[in-house]
Amino acid sequence: VARDGEGTMTIYPWMRPAVYCAKEKDPLLFEGDIEPNDIDQGLLGDCYFMCALACLSEFPDLIRAAYAAPQCPELGVYRCTLCKDGWWKTHTVDDTLPISLNTGFPAFAKNREEPNELWVSLLEKTYAKIPGSYAAIRTGDPAMALADMLGAPYDRFNKRPEWEDPEAMFEYLQQCDEEDHLMCVNTPGVDTSSYGGAGKNGGDGNGEDLAAKYKAVGLCTGHAFSLIRVKKTSEGHRLCMIRNPWGNEMEWNGAWSD
């Protein structure tokens, strides 16, 4: 899970899906449709990667493409193709996963409702295998994670000429949405949540006022979100729909919330 110099990590037992799944549920790479709501981040602080996965799963063919290589589920062996550092490579992983003693299910990324569906867990395990450990993928950049999975370039909003003009920036975001670009946004500061992994418990990037400001509207600092929709109403309201890759109860509670 972690190597020397990568910080501390909880020690977990490892188990195969055939063991931790209910007897009537056979492990499957895909169970029904691929949906963003399949994704539950778990206890590893890799919200940036979960954010990228949530964006990809809006277009299920992109997820299936990562698993296009021949698979051997009967042996618990899977192949996943990613484009790390500009090179496409197919990686082989087994389906043994770190297990939470509290839940009996994978401690890290998993399907929220169907623990026998493996695509989320195995993509995360593959992404961790490339640098050598789960600890190595705590904290990161969702734009780079998207590039690693798509082999495509990315652009940063704050580098755009529209950035200083809110109306022009919103129109640009609308155009990106209409053209089906994959988009991520993040809050400033340091993640102080229990999901934060290496970044939790403060650091030097947070002030109490900043953290409180975001917590008051159901968000947290230092966290990545998928930007799903960008729309303007007939009355001129500018609305953005964001998704929290944690898949938990923390969500926006301000104007236009549920």
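I take exposed to mean over 50% relative accessible area, and partly exposed to mean the range between that and the 20% under which a residue is buried. The model I am reading is predicted.

**Entry 1, Asp85.** I looked up backbone angles and stopped at Asp85, where phi is near 55°, a positive value in a residue that is not glycine. I placed Asp85 in the loop between strand S3 (77–84) and strand S4 (87–94). Its relative accessible area is 64%, so I log Asp85 as exposed.

I noted another positive phi, about 65°, at Thr139, which is not a glycine either. Thr139 sits in the loop between helix H4 (119–129) and H5. Is Thr139 buried or partly exposed? I have it as partly exposed, because its relative accessibility is 45%.

Rolling a probe the size of a water molecule over the atoms shows where empty space is left. I searched the whole structure and found 1 cavity of 30 Å³ or more. I recorded about 50 Å³ of space in the largest cavity.

Which residues line the largest cavity? I listed Leu56, Leu62, Ile63, Ala66, Leu82, Leu123, Met149 and Leu150. I then sorted this lining by class and got 8 nonpolar residues, with no polar and no charged ones. Helix H3 (60–66) and helix H5 (142–150) each give at least two residues to the lining.

Note on methods:
Residues numbered from 1 in each chain as written. Predicted model: local features only at pLDDT ≥ 70, side-chain atom pairs only at ≥ 80, totals over all residues. Heavy atoms only, no water. 1 Å grid on protein atoms, 1.4 Å probe; cavity = no way out; pocket = protein on both sides within 12 Å on 5 of 7 lines; lining within 4 Å. Points joined across faces, edges and corners; volume = space filled by probe spheres on them. Helix = DSSP H or I, 4+ residues; strand = E, 2+ residues; numbered from the N terminus. Nonpolar A, V, L, I, M, F, W, Y, C, P; charged D, E, K, R; others polar. Buried < 20%, exposed > 50% of the residue type's maximum accessible area, 1.4 Å probe, protein only.
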